[in-house]
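Me: I would like to learn how to read the fold of a single chain from computed values. Where do we start?

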Amino acid sequence: EDSGIIEQLEAGVLLRGETFDRMADEDPRILALDWILHGDGMQLVSDDVNLYQRYALAVIAYAFDSEAWFVCGKRDINATTSECEVYDYIKNVTETFGVWLSSTDECGWYGVTCSDDGIVRGVELINNDLIGSIPHELTALNYLQLLALQGNCIFGTLPPELSQLNSLLSLELHENGLSGELPVEYYEGLDNLQLFNVARQYGVDHECTKSNGTIVNPSFRLGGLALPQ
């Protein structure tokens with residue numbers, strides 16, 4: 001069954017002619033594959049309808065060092081291995097969510113919104129110490145309508161493959177450390193996009209702390225280390 005899952009993910013999720021056997025052991029996509037195969041209590045099989053989206057979310061978790069996240073990461077004192085509690089200041093209530101990479105339904109993970117049919121429609125992880133580059137495997141979330149990752153330490157360039165997210169209505173990536181030009185594919189593919197915000201790159205004075213304790217400052221290209229005080 002492992003080989004069946006690998007074949008499915010290589011055919012349906014990986015892009016640019018990539019294959020798992022050519023990736024380094026520490027590659028977020030390899031780590032996500034290992035989790036799907038061996039670490040996930042759900043133990044999906046190759047024909048599970050949510051295989052692609054669960055794998056894509058796992059790639060996001062590893063690409064952005066989810067253990068370092070301020071909310072629902074290991075630094076969150078209100079989080080267990082499977083659940084975390086988040087206080088909503090607007091609603092004045094405390095809500096319980098699933099921790100990313102826990103063996104719970106991915107639709108219950110913090111910041112993930114699904115429609116009634118279990119399809120991921122939104123990923124909203126604002127001001128949560130996300131550190132890393134945007135993985136192009138996000139395109140496996142075919143019906144994504146909202147991607148909100150502002151106020152983090154995301155660096156690198158915008159993957160042109162995000163233009164394949166034809167259902168996307170809102171793309172909010174402001175207040176990070178992104179660089180480069182806007183891919184021309186975005187003008188051609190994101191026909192339904194209503195809100196697109198990439199303002200204030202390198203313009204916000206804040207730092208993020210990786211799970212290994214390293215401090216990252218988005219003012220430096222490619223997530224350079226912060227200078228010692």
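Reply: Start with contacts: two residues are in contact when heavy atoms lie within 4.5 Å. This is a predicted model. Among its contacts between residues at least 6 apart in sequence, 55% join residues at least 24 apart.

Me: How many helices and strands are there in the chain?

Reply: The chain has four helices and 12 strands. Its radius of gyration is 17 Å, close to the 17 Å from the globule rule for 229 residues, so the chain is as compact as a globular protein of that length. The C-alpha trace spans about 50 × 45 × 35 Å along its principal axes.

Me: Which residues touch the most other members of the largest nonpolar core?

Reply: A nonpolar core joins buried residues of the nonpolar set through side-chain atoms within 4.5 Å. The largest one holds 54 residues, and those touching the most other members include Tyr-55, Trp-100 and Val-123. Helix H3 (51-63) is one of the elements that supply at least two residues, and H3 gives the most, with eight. A separate core of five residues includes Ile-131, Cys-153, Phe-155 and Cys-208.

Me: What does Val-123 touch, leaving out residues up to four places away in sequence?

Reply: Its contacts include Leu-57, Trp-100, Gly-111, Leu-141 and Leu-149.

Me: How many side chains are positive and how many negative?

Reply: There are 11 positive and 36 negative side chains, and the centres of the two sets lie 6 Å apart.

Methods. Residues numbered from 1 in each chain as written. Predicted model: local features only at pLDDT ≥ 70, side-chain atom pairs only at ≥ 80, totals over all residues. Heavy atoms only, no water. Rg over C-alpha atoms; globule rule 2.2 N^0.38 Å. Lys, Arg positive; Asp, Glu negative; His and termini not counted. Charge placed at Lys NZ, Arg CZ, Asp CG, Glu CD. Buried < 20%, exposed > 50% of the residue type's maximum accessible area, 1.4 Å probe, protein only.
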